[in-house]
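Reader: Hi, can we go through this one together? I'd like to start with a helix.

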Amino acid sequence: MSENGDRIRGAGVSPAEAEAASRGREFAGLLGEFRRTPVLAPLGGAPGDELALLTADFNGIRFILAFSDEQALVRYALARGESAREWAYQRVLGAKLLDVAVPAAGVPCGVALDCADGSDGMVFPPVAGIVPDGAAVDVDDGARRGGAV
């Protein structure tokens with residue numbers, strides 16, 4: 001503590017807590033950048049529905065697939081063995097995917113960015129602080145309805 005009783009930055013914080021806080025700030029920066037950036041959202045997610053966004057399900061969670069640029073989409077097409085296929089897409093702000101498309105999915109849903117790029121890709125799961133609370137899997141039903149938790 002300082003002379004006036006303020007907590008000295010870092011005092012009483014374990015290295016693990018400091019690392020977690022640092023990673024949290026880094027993720028918040030990446031999330032903010034994603035929300036402000038136009039990304040490519042491929043269409044044709046469901047057979048016969050050429051207007052649906054392309055999605056993939058993983059462990060009971062649906063992910064809207066998004067790509068930072070055409071090269072990232074090409075890497076995905078190559079990885080799937082579908083490079084000869086024509087890939088229609090929309091250019092949309094990341095915020096619109098998180099705030100509009102995710103809740104519209106009607107099932108637990110997040111966004112996977114550049115999913116063919118391994119550790120260079122990014123996953124935005126359906127949790128509070130990333131998607132609207134009504135679409136977040138970590139917010140209970142009482143909180144979603146505005147009731148007491």
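Reader: Which residues are exposed on the other side of H1?
Author: Pro15, Arg25, Glu26 and Arg36 are exposed there. Keep in mind that this is a predicted model.

Reader: And which residues are buried in H1?
Author: Leu31, Gly32 and Phe34 are buried in H1. Seen down the helix axis, the buried residues of H1 fall within an arc of 155°, so they line one face.

Reader: Why would residues a few places apart point the same way?
Author: An α-helix has 3.6 residues a turn, so residues three or four places apart point the same way.

Reader: What covers the buried residues of H1?
Author: The cover includes strand E1, helix H3, strand E5 and E6.

Reader: How many residues does H1 have?
Author: H1 has 22. From first C-alpha to last, H1 reaches 32 Å, close to the 32 Å expected at 1.5 Å a residue.

Reader: Is Phe124 buried or exposed?
Author: Phe124 counts as buried, at 1% relative accessibility. Phe27 is partly exposed, at 25%.

Reader: Which residues form an aromatic cluster?
Author: Phe27, Phe34 and Phe124 form one.

Reader: What about Tyr76 and Trp87, how do their rings meet?
Author: Their planes are at 80°, which is over the 60 degrees needed, so the pair is edge-to-face. The ring centres are 5.8 Å apart. Tyr76 sits in helix H2, and Trp87 in the loop between H2 and strand E4. Both Tyr76 and Trp87 are buried.

Reader: What lies over the face of Trp87?
Author: Arg85 does, at 3.8 Å from the ring centre. Arg85 also forms a salt bridge with Glu82, with the closest N and O atoms 3.1 Å apart.

Reader: Which residues are linked with Arg85 in a network of salt bridges?
Author: Arg80 and Glu82 are. The side chains of Arg80 and Glu82 meet at 3.1 Å, N to O. Arg80 is partly exposed at 47%, Glu82 at 21% and Arg85 at 32%.

Reader: How many salt bridges does the structure hold?
Author: Six. Among them is Asp57 with Arg62, at 3.1 Å, N to O. Asp57 counts as exposed, at 53%, and Arg62 is partly exposed, at 29%.

Definitions and conventions. Residues numbered from 1 in each chain as written. Predicted model: local features only at pLDDT ≥ 70, side-chain atom pairs only at ≥ 80, totals over all residues. Heavy atoms only, no water. Buried < 20%, exposed > 50% of the residue type's maximum accessible area, 1.4 Å probe, protein only. Phe/Tyr/Trp six-rings, centres within 6.5 Å; stacked < 30°, edge-to-face > 60°. Helix = DSSP H or I, 4+ residues; strand = E, 2+ residues; numbered from the N terminus. Lys NZ or Arg CZ within 6 Å of the ring centre and 35° of its normal. Expected span 1.5 Å × (residues − 1). Arc of directions from axis to C-beta. Contact = heavy atoms within 4.5 Å. Salt bridge = Lys/Arg side-chain N within 4 Å of Asp/Glu carboxyl O.
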